[in-house]
Amino acid sequence: MKKLLVIILLAVMTVPVFAQEPVEQKWTVRGSAGILPTVPTVASFFGAVIGGLAISLNESNNETLDIKLPPYFAIDVLHNFNSRWSAGLSTGYTGCVWNVVDKDTHVIHSSTFLTFIPINAVGRVNYLARPAYKLYGSLEAGVLLSVGESLDFIYSAQLNPIGFEFGRNLFGLIELGLGLNYVGGRLGLGYRF
């Protein structure tokens with residue numbers, strides 16, 4: 001009987017250990033791709049289209065313009081101060097490639113590359129924070145590096161009023177935003193630790 005009482009007493013004393021709240025993860029790393037790329041990339045795309053029309057209309061050259069516009073890719077690292085506020089850094093890549101191509105042989109005669117790399121500080125607020133999902137908004141500000149023949153710095157800002165993360169440690173994300181990084185939405189994966 002004494003052994004049974006000792007076992008019951010030890011079991012009762014260990015219940016609070018198992019009933020504690022889970023420890024909040026302090027860091028979040030996210031990788032994502034934007035559906036529509038940065039505003040400067042879209043502007044360069046329209047410039048390339050106008051140039052492409054001029055190249056295509058010149059029939060003596062027998063050339064056309066092939067334009068490639070990849071999506072916006074980003075990596076974010078956030079520190080979670082509590083369940084509501086986070087801050088961190090974000091960087092990414094977007095660009096535009098246009099090739100002057102022979103119409104008949106499809107041989108590339110020349111290529112032009114525009115590369116934009118944003119480096120932003122990120123502030124984020126969770127409107128709703130549950131263990132399995134989060135609804136949030138964020139604001140990013142920093143510089144947009146234009147890498148090409150020269151290195152240019154452009155002020156960068158991004159407003160993401162609606163974001164949704166679903167999952168616990170490994171999670172998916174959907175975000176809607178407007179700014180110099182991307183316009184529209186982006187999808188991604190992340191990990192909390």
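Author: Start with a term: buried means under 20% relative accessible area. By that cut-off, both Glu 140 and Arg 186 are buried. The model is a predicted one.

These two side chains meet in a salt bridge, with N and O 3.7 Å apart. The partners come from distant parts of the chain. Glu 140 sits in strand E6 and Arg 186 in strand E9, 46 residues apart.

Arg 186 has another partner. Its side chain also forms a salt bridge with Asp 76, at 3.3 Å from N to O. Here 110 residues separate the two: Asp 76 belongs to strand E3 (residues 72-80), Arg 186 to strand E9 (residues 183-192). Arg 186 counts as buried because its relative accessibility is 1%. Asp 76 has a relative accessible area of 2%, so Asp 76 is buried too.

Now move to Arg 30. Arg 30 makes a salt bridge with Glu 165, and their closest N and O atoms are 3.1 Å apart. Arg 30 and Glu 165 are both buried.

How many salt bridges does a search of the whole structure find? The search finds eight. Salt bridges with shared partners tie Arg 30, Asp 76, Arg 124, Glu 140, Glu 165, Glu 175, Arg 186 and Arg 192 into one network.

Next, the strands. E6, which holds Glu 140, pairs with E5 in the antiparallel sense over 14 bridges. Asn 126 has Tyr 136 in E6 as its bridge partner. Three residues connect E5 to E6 in a hairpin. E5 (residues 108-129) also runs antiparallel to E4 (residues 85-102), joined by 15 bridges. Trp 98 is paired with Thr 112 of E5. The E4-E5 hairpin has five residues between its strands, and His 106 in that turn has a positive phi of about 60°.

Last, the surface. A nonpolar patch there has about 800 Å² of accessible area together, and its members include Tyr 127, Tyr 133, Phe 164 and Ile 174. E6 (133-147), E7 (151-167) and E8 (170-179) each give two or more residues to the patch. E7 provides the largest share, three residues. Ile 174 lies in strand E8. Ile 174 counts as partly exposed because its relative accessibility is 40%.

Technical notes: Residues are numbered from 1 along each chain as its sequence is written. This is a predicted model: local features need pLDDT of at least 70, side-chain atom pairs count only at pLDDT 80 or more; totals for chains, interfaces and linings use all residues. Side-chain values use heavy atoms; hydrogens and water are left out. Patches are made of residues with over 30% relative accessible area and no salt bridge: like charges are joined within 9 Å, nonpolar side chains (Val, Leu, Ile, Met, Phe, Trp, Tyr) within 5 Å. Accessible areas come from the Shrake-Rupley method with a 1.4 Å probe; for residues, only the protein chains shown count as cover. A salt bridge is a side-chain nitrogen of Lys or Arg within 4 Å of a carboxyl oxygen of Asp or Glu. Helices (H or I, at least four residues) and strands (E, at least two) are DSSP runs, numbered from the N terminus. Buried means under 20% relative accessible area, exposed over 50%, partly exposed in between (1.4 Å probe, protein chains only). Two strands pair if DSSP finds at least two bridges between them.
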